[in-house]
Structures are given as C-alpha cells and as structure tokens.
Amino acid sequence: MSTVDVKNIKNEKVGEIELSDHIFNLEVKEYLLHDVVRMQRAARRAGTASTKTRREVRGSSAKPWRQKGTGRARSGSRRSPIWRGGGVAFGPKPRDYSFKLNRKVKQQAVAMAMSARLQEGNLVVLDDFTLEQIKTKEFVTVMNTLELDTALIVIEDTNENLSKSSRNVNGFKVMNPEGLNVYDILLHKKLVLLQPALNSLEERFSA
C-alpha cells in the first residue's frame, strides 16, 4: 500500500494514511481513459443541428418550365438542393451522439485516473475543509496556502460554504464521491480528497 501525508488547510502535516492498492496502484491504460472521456463528452453533445430537406422547404412542387425547348437545363422542382432556397441534400438532423461502456470499465477508469494523479505526485489528502462563511476570498487564501492553482476537490457531505465560495474561482471544482468521473479528474491538475470522502471511495470500489 502507498502512504501519503494528511494535511490541514494550513498546509501542515497532521498524519498519514495508507491508500488501497486496488484503487491507487493500478497500471494506467491511456486508451481506456480516452474511451471513457470520449463517452462522457459524446453524452454532452446537444445533437440539435437540423436542416430541411427538399420535401420540408417551402416552395411549389410544380415543374418550373417545360422539359424541352427552352434552352435551359432540365428542372423538376424549385425545392431542389441546387436551387437557391432549396433543400439541403445531406445536411445534419437531430441525433444522439452518446454511446455506452460497461459499468466496470468506467469504474476501473476512474481508479486509473486517481492512480495517475498519485503517481504524478498530484494527489492531496486533507483532514477537513471547513469555511466559517461563504467567502471566495477565504477559499482563494486556502488554495494559495496549499499551493494549488487548479484542483478537483472531493468532499463527503454537502458543504454549502465551500461549494459556493469556490464556484466563481476559475480552475476549481467541488463534488461528492458519487459524481467523481474521469473527465473532471484529468481536467484538473490536482486531485484533493477529504479524508471522509477517501474512505467513502474505498468502500465504493471495494464493493
């Protein structure tokens, strides 16, 4: 098992904790992380782009002019894609871009992402993160003390003061263990785990 320091918000070491090998000591497979991130981003795509085909655009269905004898090209409809104001031949239609991966694959990828942060030295464990009031300045002061310029902070219980104090600070995000995902871990250089959240994650991944 790997051992990491447990710090307080003053960046002082207050103890040590052993991390489970089946979460924080995995071989990082980049292709697996790539697949999961691609799945997450695909699920967020709106897929609402839409164009009208020749049957949907407004216009007469009558033949513009007779087939022969005018000297012009043959034409059967004013709604043809080659006409100005006509339909679009192969334009986009609303669609769902999402696809699925196995639950175990997604869970393993989250553990790999956390293992990567530990191996890089970018994992921070805090004993607690309590703010007395909702104040962005206090949050920024703590982040400066911890020498963090971007981080994903994982907390166990709802912490309104922390969540609201951090939401206007670029580069930081606060979430519960249930919402932890590969994309957010990789998006933020540092991963900050509160000790209760770490215990919850170990229970979740050992199940």
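Guide: Lys13 and Glu16 form a salt bridge, and their closest N and O atoms are 3.0 Å apart. A salt bridge here is a side-chain nitrogen of Lys or Arg within 4 Å of a carboxyl oxygen of Asp or Glu. Please note that this is a predicted model, in which local features need pLDDT of at least 70, side-chain atom pairs count only at pLDDT 80 or more, and totals for chains, interfaces and linings use all residues. Residues are numbered from 1 along each chain as its sequence is written, and side-chain values use heavy atoms, with hydrogens and water left out.

Visitor: Is Glu16 buried or exposed?
Guide: Glu16 is exposed, with a relative accessible area of 54%. The cut-offs are under 20% relative accessible area for buried, over 50% for exposed, and partly exposed in between, using a 1.4 Å probe and protein chains only.

Visitor: Which residues are linked in a network with Lys13?
Guide: Salt bridges link Asp5, Lys13 and Glu16 in a network.

Visitor: How many salt bridges does the structure hold?
Guide: The structure holds seven. One of these salt bridges joins Lys93 to Glu56, with the closest N and O atoms 2.8 Å apart. That pair links distant parts of the chain, 37 residues apart, and both Lys93 and Glu56 are in the loop between α2 (30–44) and α3 (103–120). Helices (H or I, at least four residues) and strands (E, at least two) are DSSP runs, numbered from the N terminus.

Visitor: How exposed is Lys93?
Guide: Lys93 is partly exposed, at a relative accessible area of 34%. Glu56 also counts as partly exposed, at 40%.

Visitor: What does Arg117 pair with?
Guide: Arg117 forms a salt bridge with Glu120, and the closest N and O atoms are 2.6 Å apart. Because they are three residues apart in helix α3, Arg117 and Glu120 are separated by about one helical turn. Arg117 counts as buried at 7% relative accessibility, whereas Glu120 counts as partly exposed at 46%.

Visitor: Changing topic, what is the phi of Asn11?
Guide: The phi of Asn11 is near 65°, a positive value in a residue other than glycine. Most residues other than glycine have a negative phi.

Visitor: Where does Asn11 lie?
Guide: Asn11 lies in the loop between β1 (2–7) and β2 (13–19), and it counts as partly exposed at 27% relative accessibility.

Visitor: And what about the phi of Glu147?
Guide: Glu147 has a positive phi too, near 60°. Glu147 is placed in the loop between α4 (136–145) and β4 (151–154), and it is exposed, with a relative accessible area of 66%.
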